[in-house]
Amino acid sequence: MADWTPRVVALDIDGTLLKWVDGQTEDYETITAPVHDAVHRALDAGAHIVLSSGRSPHGMTRIADLLHIPREDADQLWVVASNGAVVFRYPPMEVVHEETFDAAPAVAAVLEHHPDALVAVEERGVGGYRVNRVFPEGELSGEQLITEVGDIVGEPVSRVIIRDPAATADDFIELAARLGLHGTDYVVGWTAWMDLSPVGVSKASGLQHVCDALGLGAADVLAIGDGRNDIEMLRWAGRGVAMGQSVEEVKAAADDVTASVHDEGAAVEMSRWFPPREV
């Protein structure tokens, strides 16, 4: 790839741009100077920056603001949210693509095995969540409105979060494999946190929608991420790079592995293609 330069840089947020801390609060949402500078060198070179996260749309706009993108007088930013189920432009927030599904059967199947699990669906356009019980502090951004599970998934949704603080990530991985969850795709996060989504929807499918609009393809994309919800994106991109602290399953899906988030791995990788100017 000696003569290759990314035309799109797709960036995960938590664990890639931000140093995720257990028991986090929003105070941890700090963009370091190396990451900020690398993003802007990519923009200087004409690349498109696309934020790509499992976060809800309202949890992503402030990260764009911290990065100071889009720049003044530039086109709206492209953002892939909810693990690819929502694609929007910003600012202002303008949803251009959304995938929804009937999550009720999958949620019922999981709750049969984890009856005390927490369930949440984003209230898009409002910024909060409908939840069956309040999530641990710092895990969801925005207001949490207590709602019966039947009402939470009573109509098509773009993404459902299921969280069991008493279980482990391995518990959820084993359960999902055993249940099959027909008609639904899923990804297990950093702990017993499961995102349910429409079949075939991932960060990769969301980014494909962006590339189609830009007249580009997967081969033009540098993607950087650290979680299991990044696996499809890392495999799909022309160059997929896992963060150094990623689990082996994520590293195996990538073309390369950069430094950890604590060692500015995203900036290290971007600097390979968009190096600092020599003084």
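Predicted model: local features only at pLDDT ≥ 70, side-chain atom pairs only at ≥ 80, totals over all residues.
Residues are numbered from 1 along each chain as its sequence is written, and side-chain values use heavy atoms, leaving out hydrogens and water.

**Exercise 1.** Work out whether T5 and G240 are buried, exposed or partly exposed.

*Solution.* Start with the cut-offs: buried means under 20% relative accessible area, exposed over 50%, and partly exposed in between (1.4 Å probe, protein chains only). T5 sits in the segment before β1. Its relative accessibility is 45%, so T5 counts as partly exposed. Next, G240 belongs to strand β13 (residues 239–242); strands (E, at least two residues) and helices (H or I, at least four) are DSSP runs, numbered from the N terminus. G240 has a relative accessible area of 0%, so G240 is buried.

**Exercise 2.** Find which residues G240 touches, leaving out those up to four places away in sequence.

*Solution.* Contact means heavy atoms within 4.5 Å. With that rule, the partners of G240 are A223, L234, A254, D255 and D256. Then try a C-alpha distance: G240 and V257 are 17 residues apart along the chain, and their C-alpha atoms are separated by 8.6 Å.

**Exercise 3.** Describe the largest nonpolar core.

*Solution.* A nonpolar core is a set of buried Ala, Val, Leu, Ile, Met, Phe, Trp, Tyr and Cys residues joined through side-chain atoms within 4.5 Å. The largest one has 37 residues, and V9, L11, L17, L51, I63, L67 and M270 have the most contacts inside it. Elements that each supply at least two residues of this core include β1 (8–11), α1 (33–44) and α9 (265–273). Another core, of 24 residues, lies apart from it, with V110 and L181 among its members.

**Exercise 4.** Describe how helices α3 and α5 pack.

*Solution.* First, find the geometry: α3 (residues 104–113) and α5 (residues 169–179) pack at an angle of about 125°, with their axes 11 Å apart. Here axes are lines fitted to C-alpha atoms over the stretch in contact, and angles run from 0 to 180 degrees between N-to-C directions. Angles under 35 degrees count as roughly parallel, over 145 as roughly antiparallel, 65 to 115 as roughly perpendicular and the rest as oblique. That makes α3 oblique to α5. Finally, list the contact: A109, V110 and H113 come from α3, and L175, R178 and L179 from α5.
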